Amino acid sequence: MASSSTSSCVKLMLLMPILVSSMIVATVGNLNKDFDITWGDGRANILNNGELLTLKLDKASGSGFQSKNEYLFGKIDMQLKLVPGNSAGTVTAYYLSSKGSTWDEIDFEFLGNLSGDPYILHTNIFSQGKGNREQQFYLWFDPTADFHTYSILWNPQRIIYSVDGTPIREFKNSESIGVPFPKNQPMRIYSSLWNADDWATRGGLVKTDWSQAPFTASYRNFKADACTWSSGASSCSSTTPSPSSKRSSWLSQELDSASQERLKWVQKNYMIYNYCSDTKRFPQGLPPECSA
């Protein structure tokens, strides 16, 4: 009996790494199941059995993809590795957007730059077709050297942008003072890599160096804890079973004191533009949400 028991234990120990590995693989999202390539004529590809998505840009065309699902509130994570080297003139856009003339949108845009100069992370929020809510940041790492996680938390009270778990921006619901908030229109996830050398780098002074093409941005480890929208109904409607504690946590999540301190640290040290400080742009007074 002892030898049989020992043999079983040894077999189990040998199997454990395989079992753990299988569980880890099972938790990795398959990008084929979540996204459709929408344009680029072969310049966008989903590789490695759905674990990696790449977008390419050359002089003829950029490329892009969109999510199969629409979402109405959620926590969306994606790991990106941006175009390395001389990326001046290029823009990698990753955003949520609805359709129509009064659309809602939550933007990450990564503005390329000359080798050695930092990327600019450009954020903007549109509600009912109105944007002009830009905040821009430098990052505290090289976003081209490895993958980093870019997250959007969107619930009825606020929108929080985060990078590697560190909040960089919070946009609160200010409907009480007449500011529209994205809460009624389901949005898809979109991403594209495209040439914007008429404005992207130093206001268009630095043009794209096509000798460096093709430019490539890479994506992996997509995760959505979110309410999906289908046939006019949300998966989080009151007719569905009670939300899990995990789901309900993001539906009411706000920044705790530690996160607020991290947000202040980023905005003090890495924010390079804030529309709420641009009195020259808004001579009649800053937008009302800036004082909320």
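1. Cys276 and Cys290 are joined by a disulfide, with an S to S distance of 1.9 Å. The link between these two cysteines is left-handed, at -80° about the S-S bond. The pair connects distant parts of the chain: Cys276 and Cys290 both lie in the segment after strand 16 (271–274) and are 14 residues apart. Cys290 counts as partly exposed because its relative accessibility is 24%. The model is a predicted one, and this geometry should be read accordingly.

2. A disulfide also joins Cys227 to Cys236, with S to S at 2.1 Å. This link is left-handed, with -100° about the S-S bond. Are its two ends buried or partly exposed? Cys227 has a relative accessible area of 2%, so it is buried. Cys236, at 23% relative accessibility, counts as partly exposed, because buried requires a value under 20%.

3. The count of disulfides comes to two. With the bonded cysteines of the protein chain numbered in sequence order, the pairing reads 1-2, 3-4.

4. The protein chain contains four helices and 16 strands. Of its 292 residues, 44% count as buried. Among contacts in the protein chain with a separation of 6 or more, 66% are between residues 24 or more positions apart.

5. Strand 6 (residues 90–97) is mostly covered, with seven of its eight residues buried. Which strands does strand 6 pair with? Eight bridges join strand 6 to strand 13 (residues 188–195), and the two run antiparallel. Seven bridges join strand 6 to strand 7 (residues 105–111), again in an antiparallel arrangement. Residue by residue, Tyr94 stands opposite Ser191 in strand 13, while Tyr95 stands opposite Asp107 in strand 7. As a general point, side chains in a regular strand alternate between the two faces of the sheet.

6. The UniProt annotation "active site", from an unreviewed entry, covers Glu105 and Glu109. The annotation may be inferred rather than shown by experiment. Glu105 lies in strand 7, and Glu109 is found in strand 7 as well.

7. Why does Glu105 count as buried? Its relative accessibility is 13%, and buried means under 20%. Beyond its neighbours within four places in sequence, Glu105 is in contact with Tyr95, Leu96, Ser97, Asn124, Ile125, Phe126 and Met187. Of these residues, Tyr95 is the one that stands opposite Asp107 in strand 7. The side chain of Glu105 also makes a polar contact with the side chain of Trp103, at 2.8 Å.

8. Glu109 counts as buried because its relative accessibility is 14%. Leaving aside neighbours within four places in sequence, Glu109 is in contact with Val91, Thr92, Ala93, Ile120, Leu121, His122, Trp194 and Trp199.

9. UniProt, in an unreviewed entry, places the feature "glycosylation site" at Asn113. Where does Asn113 lie? Asn113 is in the loop between strand 7 and strand 8 (120–126). With a relative accessible area of 11%, Asn113 is buried. Setting aside neighbours within four places in sequence, its contacts are Gly85, Asn86, Ser87, Ala88, Pro118, Thr201 and Arg202.

10. In soluble globular proteins, nonpolar side chains tend to be buried together.

11. What does Trp154 touch, not counting residues up to four places away in sequence? Trp154 touches Tyr71, Leu72, Phe73, Gly74, Leu96, Ile106, Ile159, Phe181, Pro182, Gln185, Met187 and Trp250.

Key:
Residues numbered from 1 in each chain as written. Predicted model: local features only at pLDDT ≥ 70, side-chain atom pairs only at ≥ 80, totals over all residues. Heavy atoms only, no water. Buried < 20%, exposed > 50% of the residue type's maximum accessible area, 1.4 Å probe, protein only. Pairing = 2+ DSSP bridges. Contact = heavy atoms within 4.5 Å. Polar contact = N/O pair within 3.5 Å; in protein donor to acceptor, adjacent residues only side chain to side chain. Disulfide = S-S within 2.5 Å.
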